[in-house]
Amino acid sequence: MIRRFIDGMKAPERRRVFYALLGGKALGLALLFLIIAGVPAYFGHKALADTPAAAPPAYVNPINTMWVCVTAFLVFFMQAGFMFLEAGFARTRETVNVLLEGIVDTCLCGLLFWAWGFAFMFGSGNGFIGHEFFFLHGAPETYGSTGVSILAFFLFQYAFADTCSTITSGAMIGRTGFVGDLVYSFGVSGFIYPIFGHWAWGPDGWLNTIHPAAFHDFAGSTVVHTIGGMVSLAGAIVLGPRLGRKFKRDGGGAMPGHDMTIAAVGGVILWFGWYGFNPGSTLSAMDAAGIGRIATNTTLAACAGGLSAMFWMYPRNKVWDCGMTINGFLAGLVAITCPCYWVSPFGAIMIGAIAGPVCALWVDLMEYLRIDDPVGAVAVHGACGIWGTLSLGLFATGQYGAPTPTGADTSAGALVTGLFYGGGANQLIGQAIGSASIGVAVFVASMALMYITKFTVGLRVSKEGELAGLDLHEHGGGAYPELWGTGMSAGSSDAPSAAPAPAATLSKAY
């Protein structure tokens, strides 16, 4: 073939044809590359334009922004944990209701927080409410001086708002009508959480300037958990107990959940999500030492809370209680959420170890008051949120100030010192003022919201609907259709009037 090509090239006419074909192909290839490079550049396609893509503006810190995004994803994943935990502590006949409430709360909260919740909470205004950034209009590139993109900060704070809203549903399982759930969720996500959260986390919130010491809540023991716990308490009171619920003082006890497996897995998923909740609240990846300290404190408090709750319960029941152990490590996580940046690992262990019994004792109080809380939301989030907020005024070491976009602020004026480390009672008083003011105000507003819902669209499902089970009555079918027999539907005349007995568990569901 090569010899024939060489012989052919000796003829002048064949050489002209060859060079014409070669030149045409080269010209066509060059034209193709010109089109590929030129057309996208003409229309502004940055990936193929002649000039490199513009770097982010200097005031948007890309590392801090990515850190906040990643931790926002972790916090959002906590919704899966809540759905598992609450479904496990619920009965079989209300499992779909729990799952759908979690999904709908997440969707509703996102739109409300975008429309006005973020504006109420993080917009400048006065000490009680913000009034800028509605629908995110007029928002700057970054939030304040954080260097974090405003949309990344919005996403992170939306995940927090969604957490608060989901806490409430745990105390209201098994007897809340779905329309009522939509109405109170609208009130919590759209008004209660962002308005009262502004008091502590807003740029001009009044709790930032109180005397003798400004209120501190690093990641939300008060802003997220106490608010969620107080709304839960109001909802449980207004609803009343589930049908058939017999309290200990009347010779009964807590109704067991149907699946401790998914409850335990849900609890551990929440623990995992807390590594976004607490470390992400630095809003800065540059504070490496602070992030490591927060993550360690979060872990140790959870460990101490789980073990202390388990050992607290054993002398009373003579069994190793799985349900209370789950709530114990969650109690430790809730408690450490406020002080995680300012305490030592030893302080974190002590805070978690106290949170376990606090949770158990609050469950006893709820039982004594005949308030039905199927998952222990009020005890875990309300009581331990209060304890965690106050614990800062006791265990803050005085070594740490606050995170900044470039690292930790260790100037003398920024340091936070608690009573046990020579700081006196000033910080403890500031924490008590903040916790009490938000807790009481949220409870009053939540009672009003629940009663308004009750007397308008209705808060509680009908007696017939509750006996049939919310899954069948409200959603047309359950999570475990084989338990309902073959060919039954919500409208079937032979559908059961009451759900089958829940599967036995090895632990009481608090």
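In the predicted model, residue I227 is in contact, beyond its neighbours within four places in sequence, with C164, I192, Y193, F196, G197, T222, I438 and V442. I227 is also listed, together with F113, F118, Y193, W201 and L330, among the residues with the most contacts inside the largest nonpolar core, a set of 111 residues. Helix α5 gives the most to this core, contributing 11 residues. In soluble globular proteins, nonpolar side chains tend to be buried together.

Helix α5 comprises residues 150–170, and its geometry can be checked against its length: at 1.5 Å a residue, its 21 residues should span 30 Å, and the separation of 31 Å between its end C-alpha atoms agrees with that expectation. Of these 21 residues, 19 are buried, so α5 is largely enclosed by the rest of the structure. For the protein as a whole, buried residues make up 53% of the 510 residues. The secondary structure comes to 15 helices and two strands, and among the contacts with a separation of 6 or more, 77% are accounted for by residues 24 or more positions apart.

Two helix pairs that share α8 were examined for their packing. Helix α3 (residues 62–89) and helix α8 (residues 260–277) pack at an angle of about 160°, with their axes 7 Å apart; because angles over 145 degrees count as roughly antiparallel, α3 and α8 are assigned to that class. The crossing in which α3 passes α8 is left-handed. Helix α8 also packs with helix α9 (residues 288–317), here at an angle of about 150° and with the axes 9 Å apart, and this pair is therefore likewise roughly antiparallel. The crossing of α8 and α9, however, is right-handed. On the side of α8 the contact is made by W271, W274 and Y275, and on the side of α9 by A295, T298, T299, A302 and C303.

Within helix α3 lies Q79, a residue that counts as buried because its relative accessibility is 4%, whereas the cut-off for that class is 20%. Leaving aside neighbours within four places in sequence, Q79 is in contact with G102, T106, D162, T163 and T166. Of these partners, D162, T163 and T166 fall within the residue range 150–170 of helix α5, and G102 and T106 fall within the range 95–122 of helix α4.

Backbone features of note were found in two loops. In the loop between α4 (95–122) and α5, F135 has a positive phi of about 55° although it is not a glycine. L136, which is found in the loop between α4 and α5 as well, has a positive phi of about 60° and is not a glycine either.

How values were computed: Residues numbered from 1 in each chain as written. Predicted model: local features only at pLDDT ≥ 70, side-chain atom pairs only at ≥ 80, totals over all residues. Heavy atoms only, no water. Helix = DSSP H or I, 4+ residues; strand = E, 2+ residues; numbered from the N terminus. Expected span 1.5 Å × (residues − 1). Buried < 20%, exposed > 50% of the residue type's maximum accessible area, 1.4 Å probe, protein only. Core = buried A, V, L, I, M, F, W, Y, C linked by side-chain atoms within 4.5 Å. Contact = heavy atoms within 4.5 Å. Axes fitted to C-alpha atoms, helices over the stretch in contact; angles between N-to-C directions. Parallel < 35°, antiparallel > 145°, perpendicular 65-115°, else oblique. Left-handed = near helix turned anticlockwise from the far one by under 90°.
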